Amino acid sequence: RSTGTRPSFVKWGTKLVEQDRRFSQSQIDQLHEKMHGGSNEDFVFSVDRSYVSAMEQPLMVFMGLDRAHPSETSREIVRLAKNATLVENWTGEDYTKEGVDKRIEEFLISNWDDTTEPK
């Protein structure tokens with residue numbers, strides 16, 4: 001996955017460095033490595049498969065639809081997680097922001113536990 005995301009990430013990073021001198025190309029390269037490199041490069045950048053498998057919290061996964069967010073990864077997250085909902089159709093001309101917002105609201109309401117205090 002790392003090499004697949006590199007060209008678009010480089011384009012984004014180059015533009016960011018040009019527009020904001022607080023960032024260097026070295027920082028952009030380090031960010032890319034942290035997000036897309038390492039042992040997790042065939043999955044998501046923030047957690048590994050064992051973490052997803054151990055999650056008890058309800059998840060609403062909006063299926064990825066591009067090279068950087070492959071749909072198979074979304075499906076795998078739903079297979080691994082104990083309590084996940086996959087939203088396959090959520091973008092395009094047939095879907096409105098209001099419709100997606102309603103789906104999110106319904107998910108949150110149906111998964112709210114009144115006995116649990118927010119952390």
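These legends describe close-up views of a predicted model. Local features need pLDDT of at least 70 and side-chain atom pairs pLDDT 80 or more, while totals for chains, interfaces and linings use all residues. Residues are numbered from 1 along each chain as its sequence is written, and side-chain values use heavy atoms, without hydrogens or water.

**View 1. Phe62 and Trp90 form an edge-to-face pair.** Ring centres lie 5.4 Å apart and the planes meet at 80 degrees. (Rings of Phe, Tyr and Trp, the last by its six-membered ring, pair with centres within 6.5 Å; planes under 30 degrees apart are stacked, over 60 edge-to-face, the rest tilted.) Phe62 is partly exposed at 26% relative accessibility; Trp90 is too, at 30%. (Buried is under 20% relative accessible area, exposed over 50%, partly exposed in between; 1.4 Å probe, protein chains only.)

**View 2. Eight residues make up the largest nonpolar core.** Among them are Phe43, Val52 and Ile77. (Such a core joins buried Ala, Val, Leu, Ile, Met, Phe, Trp, Tyr and Cys residues through side-chain atoms within 4.5 Å.)

**View 3. Arg49 and Glu76 meet in a salt bridge.** The N to O distance is 2.5 Å. (The criterion is a side-chain nitrogen of Lys or Arg within 4 Å of a carboxyl oxygen of Asp or Glu.) Arg49 is partly exposed at 27%. Glu76 is buried at 17%.

**View 4. Arg79 and Glu72 form a salt bridge.** Here N to O is 2.7 Å. Arg79 is exposed at 56%, and Glu72 partly exposed at 41%. The whole structure holds seven salt bridges.
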